[in-house]
Amino acid sequence: MIRRLLLAPVERRTWREVRYVLVGLCFALPVFPLAVVGVVGAVYSLMTIGLPFLVVALLLLRRTVVWFRPPARWFLDLDWPSPPPRPTSGGALRFVESVLRDGTAWRALAYAVVKLPLMFAATYLGVGAALLGVLAVTYPAWWFLVPLDRTWGGTWLFVLEGVGILLVFPWVLRLLVGLDRILIRALLAPTPDRLRIAALEASQAALRADAAAILRRVERNLHDGTQARLVTLGVTLSRIEARADDTVRPLVEDAQESVVDALTELRDIVRGLHPPALDDGLPVAIETLAGRGAVPVDVHVDLAGRPPDVIASALYFTVAELLTNVSKHAGATRARVDLRAENGSLRLVVTDDGRGGARLATSVDGTEPGTGLAGLRRRAAALDGEFSIDSPVGGPTTVTMTLPQEV
């Protein structure tokens, strides 16, 4: 115990915590005014005038979960994952609601409020005390520069005081840094439940990616293997037909028709697994779909990059289903497909000027069947997305699907 007390001022941990306090103070300074804006906004949001300030402050403070991570990682060996993306679907009211209900942002606000006072206290009581202790211990060496109305012999009293300060300051520093560790674990690091959910979400994403890869492989095997063999069989039957007599020719013709039917069914299966048009990218695939329909379609696609296969397939089949509905049931003269990336999500909006009245089909037992609009909503839900329909009688119809940009 005595040995630990005596060695504490020169331990590596002590000086790492000194550096952490100084760097942490620099990181806390620019965040504190934002925290003050958040607190004032929260108070005045009761009168609505502070609500915009509160929303902006929460949006920015959410990012401080990552901002405060480097000093803790460098000097305390503490680390925590980035917060999950905030839900971004819906209009302005839903956006504000999602910000105000964001627990991560509120915890970041609480941490930002206490971080700066804590770092100031650690700097004053810990780092300042260390500096004062060093000056006091070395005072006999530079006494002649600042005598302080003492003789050289009297400076040794300062030395004793400096030794006492140097023995105490590491423990004061550890106490304050330990409090900061507790606050980090409570307010910035995710809870065990949140970690568990994140692990499940990661597993779900991996399963989706594996399923997409398997479907892609099955599609290629059917296209390059089974379909090619059926085509070869059809060619062979054509040669046999040319040489066959009248008794055999009807049998060959029946076999050729079976081969053509099998090829048609196989192509439908392949298109259902993975549309070949997606190989050229989702924008090209949607343009191709729009060009096939009976109703003129305006297409606007604004994507920063190529979405994952499972997301691209879901969006492609959704556009295909909706444009088919527009052609067959809506009685529309024009439609529009708008796909864009917004705040970490992909938002697809398909509108038409038809008669409206579209509804999600429901079976007798109250469950949703797996086809049509209900099937699209189930597909969106399976990918943690949202699906909505606005189709009053008389039109127009607007269908919106929002999917995460990453799975």
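Arg334 counts as partly exposed at 40% relative accessibility, where buried means under 20% relative accessible area, exposed over 50% and partly exposed in between (1.4 Å probe, protein chains only). The model is predicted: local features need pLDDT of at least 70, side-chain atom pairs count only at pLDDT 80 or more, and totals for chains, interfaces and linings use all residues. Residues are numbered from 1 along each chain as its sequence is written, and side-chain values use heavy atoms, with hydrogens and water left out.

**Salt bridges**
- Arg334 forms a salt bridge with Asp298, the closest N and O atoms being 3.1 Å apart; a salt bridge is a side-chain nitrogen of Lys or Arg within 4 Å of a carboxyl oxygen of Asp or Glu.
- Asp298 is partly exposed as well, with a relative accessible area of 31%.
- Ten salt bridges are found in the whole structure.
- Another joins Arg174 and Glu11, with closest N and O atoms 2.4 Å apart.
- Arg174 is buried at 10% relative accessible area, whereas Glu11 is partly exposed at 27%.
- Arg336, Asp338 and Arg340 are linked in a salt-bridge network.

**Nonpolar cores**
- The largest nonpolar core has 42 residues, of which Tyr20, Trp80 and Ile184 touch the most other members; such a core is a set of buried Ala, Val, Leu, Ile, Met, Phe, Trp, Tyr and Cys residues joined through side-chain atoms within 4.5 Å.
- A second, separate core of 38 residues includes Ala277, Leu289, Val297 and Tyr316.
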